[in-house]
Each structure stands twice: as C-alpha cells, then as structure tokens.
Amino acid sequence: MSQSKYSGLKPARRDYCQFILLTLINYTQTYMAEHHPVFSHDAINRYLMEDEVSPTAVWLAVSEGIRRSENACLIFDDTVLDKRHSFKIELVRRQYSGNEHGVVKGIGVVNCRYVNLDTGEHWIIDWRVYDPDGDGKSKLDHVRDMFDDAIARKGLPFRAVLMDSWYAAKELMLHIDQAGKVFYCPLKCNRLVDDSQGKNPYQAVADLDWFGDEMLRGKRVKIHGFPKDKKVMLFRVAATNRTEYVATNDFSQDSSVAVKTMCAVRWKVEQYHREANRCSESRNANAAPPAPRKTTSAA
C-alpha cells in the first residue's frame, strides 16, 4: 500500500461526492480507499461517521440559487433507498416502494421540491427520513412539517401544493387549505365522495357518472369525512395507462386540461425520481455488497 495513504489528509464532502459521481461499479468506502491516492480506509470511515447532510445543510446549499416566484408550487414525494444487502445500518426497515410496486428493505425518505412554474426549474429544498420508531412521525407528519417550514422559516412564495394519492388525507388537505394555499392531488379510485348535494349515498370516485361538460370543467364534490361545508373540485384526468381523479380546493379552476398540465409537473418530477433510483439500482447490481457499517446518515 502506498505510503501516501498515511499522509494524515482527511476527505471532505466534496471528495466523497466526486467519488460517488465518478465510480461505476462499486460505492463502498473500501473501494474508494483502494483507488484513491491519498485517503486511507480509516480516514474515509471517520469522515462518513462524522459527516451528516442535514435538511438544514441542503437548504443552505440551494437557497441562494432558487428563482423564487409567486407562480410556484411545492411537490411532496417519497422514495425508498434500496438497502437489501444491509444488515446493521440504522433506519433500514421493510416498507412499500412505489418504484418497486411492493415491499422492499430500505430507508424511506420524504422529499420536498420547489418548482418555479414559469421556468420549469425545480430544487430539493427539504427532506425527512421516515423513522417512526425513532421520532414517532408518519410520512404525513413530515409533509406537514416541511410545508409549514417552507412558509414560516424559509419564506418561500408559492401558490400550490402537488402530491400523490398517498398524501391525500383529510387532515393534510384541510391544513393546506387553512394556510391559504391550493392543493392538487389524485384520489384513490375507492375514495368515497358525493356529487349529489347529499341526495344520494357516498360512492367510490371511480363509480361517478360524468354528464355534460363535467369532463371538461370538473364537478364539485364532498369527500367522505370532510366538514359538511368543505367541498372540492374533482377532475377526471387521463394519465399514462390510467385515469386519475384529481381533487383541488381551487374553485376558480374550471379546465381539466389545465389540471392535467399542473399534474404533469408532478409526474415529471416523479419520473426524475424513478430514473435516479433505476440508475442507482443498476449500478448497485454490479457492485459487491457493501461491508456492514452502522450509520445514522440517510446518504
């Protein structure tokens, strides 16, 4: 082994990030030490044990470069970092992954993205690790915390919130509404709604009849469990290989085309997530399983 490995130099976050970006077959610290001319395995291990990319650090890194706009939105989504070969890493748990369409072993991360709707640019501004055993919080709790933080601490201007059907919970939707923001989120096909002004029983959203120009302009419905005076606009939107029923509290919205355009912003970002995960999984498939290492970092 080269004597330079004991030079006393310590890797920084930039060094580790460059390694992650450049390596093609293996992401372990052992592999980095074997191929780096300066940093030893012990030095890399100490760095990984001590460094933590916190949500605050992410915000400080991106805040100056964000193009703020009143015509912006927040997108909430989650992903599962595949850790199927891990046995001692903290935060790893079996959970559902939309990317895998099933339960996998990994670390759940809830993300918040800020999207400038005028330019199409988007930035990750916040994230939370899903660790109900550690902090007792659900993914809905994390979304609510990040939403409140974007307004109160970050002071970001935006008008809408986009999220998938997993987050279309009554408490969260009402919380967004009470904050003066609009939401756009699909409802699961078995979600009970009423479009008859209380004349008929609730029925599954997929069983609704659409008459006249309702296909184009939407319809006003009450979601089961919502306060009796709190209704939403519902739109039937054609997505890839499926139909989505999108609910919004924006009563000025009267165009299913405009709703589809808004939802396409969320689909685009979700696609970005899926492609990133596939790239990572493809590389990991060619790599030797990493040596077990206990860590508190989500990275």
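## Strand S11 and its partners

Leu187 has Tyr245 as its bridge partner in S11. Four bridges join S6 (182-187) to S11 (242-248), and the two run antiparallel; strands count as paired if DSSP finds at least two bridges between them. Strands (E, at least two residues) and helices (H or I, at least four) are DSSP runs, numbered from the N terminus.

This is a predicted model, in which local features need pLDDT of at least 70 and side-chain atom pairs count only at pLDDT 80 or more, while totals for chains, interfaces and linings use all residues. Residues are numbered from 1 along each chain as its sequence is written, and side-chain values use heavy atoms, with hydrogens and water left out.

S10 (residues 232-239) is joined to S11 by seven bridges, also antiparallel, and Val237 is paired with Glu244. Two residues lie between the strands of this hairpin, where Asn241 takes a positive phi near 65°. Five of the seven residues of S11 are buried (under 20% relative accessible area, 1.4 Å probe, protein chains only).

## Helix H7

In H7 (residues 170-178), Leu172, Met173, Leu174, His175 and Ile176 are buried. The buried residues of H7 pack against helix H6 and strands S5, S6, S9 and S11, contact being heavy atoms within 4.5 Å.

## Nonpolar cores

A nonpolar core is a set of buried Ala, Val, Leu, Ile, Met, Phe, Trp, Tyr and Cys residues joined through side-chain atoms within 4.5 Å. The largest has 38 residues, and Met173 and Leu234 are among those with the most contacts inside it. Leu234 touches residues including Leu187, Tyr245 and Val246, not counting residues up to four places away in sequence. A second, separate core of 17 residues includes Tyr184 and Val237.

How values were computed
Buried means under 20% relative accessible area, exposed over 50%, partly exposed in between (1.4 Å probe, protein chains only).
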